[in-house]
Amino acid sequence: LESLFVWQEYVDVSVDDSIRVNQTALLQNAIFEFKDKGETNTKGISVSWNGQSDLAPSTSTVYLQIFNRTSGLWETLDSDNTTAANTDFDLIGSQLYNLTDYYDINFWISCRVYQEAI
């Protein structure tokens, strides 16, 4: 990941509103990774993301994924392949089983929104 947020950008994306943080991914895969900390590794995981892309999901699918620490693979929770460019859309998913595969020893999970360049 080559674009790190500054403090204000974390504040900007913490609320589902019209404030956006732009990410440039010209001829590159667009990836936004985010992490969340739980208090235990026995609580189900719910993840949501709201945003938009200037590369239409109808042209290149956008995926919401969670990292499985046991397999070392990203697993898809939701995707969008119908929305037009520059249009808000939501990705929502949950993981309710085998939760210890997703939490690290400090109860952090890793998720990402991913779109392949075309």
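Reader: Buried means under 20% relative accessible area, exposed means over 50%, and partly exposed lies in between, with a 1.4 Å probe and protein chains only. With that in mind, how many of the eight residues of β6 are buried?

Author: Seven of the eight are buried, so β6 is largely enclosed by the rest of the structure. Strands here are DSSP runs of E with at least two residues, helices are runs of H or I with at least four, and both are numbered from the N terminus. Please keep in mind that this is a predicted model, in which local features need pLDDT of at least 70 and side-chain atom pairs count only at pLDDT 80 or more, whereas totals for chains, interfaces and linings use all residues. Residues are numbered from 1 along each chain as its sequence is written, and side-chain values use heavy atoms, with hydrogens and water left out.

Reader: Ok, and which order do the strands of the open sheet have?

Author: The order in this sheet of four strands is β1-β6-β3-β4, with antiparallel pairing; two strands pair if DSSP finds at least two bridges between them. Because β1 (30-37) and β4 (73-80) stand at the edges with a single partner strand each, one side of each has no neighbour in the sheet. On average, neighbouring strands are turned by 25° against each other, direction ignored, where the axes are lines fitted to C-alpha atoms (for helices over the stretch in contact) and angles run from 0 to 180 degrees between N-to-C directions.

Reader: How many bridges do β1 and β6 pair over?

Author: Eight bridges join β1 and β6 in the antiparallel sense. Isoleucine 31 stands opposite tyrosine 114 of β6, and lysine 37 has tryptophan 108 of β6 as its bridge partner. β3 and β6 also run antiparallel, joined by five bridges, and valine 62 stands opposite glutamine 115 in β6.

Reader: What about isoleucine 109, is it buried or exposed?

Author: Isoleucine 109, which lies in β6, is buried, with a relative accessible area of 7%. Its contacts (heavy atoms within 4.5 Å) include Phe34, Ile45 and Tyr102, not counting residues up to four places away in sequence. The C-alpha atoms of isoleucine 109 and lysine 37 are separated by 6.4 Å, although these residues are 72 apart along the chain.

Reader: Switching topic, which residues have the most contacts inside the largest nonpolar core?

Author: They are Ile45, Val47, Leu64, Ile66, Leu91 and Val113, in a core of 15 residues. Such a core is a set of buried Ala, Val, Leu, Ile, Met, Phe, Trp, Tyr and Cys residues joined through side-chain atoms within 4.5 Å. Two or more of its residues come from each of β2 (45-51), β3 (62-68), β5 (89-95) and β6 (108-115).

Reader: Where is phenylalanine 107, the one with a positive phi?

Author: Phenylalanine 107 is also in the loop between β5 and β6, and its phi is about 75° although it is not a glycine. Most residues other than glycine have a negative phi. At 27% relative accessibility, phenylalanine 107 counts as partly exposed.
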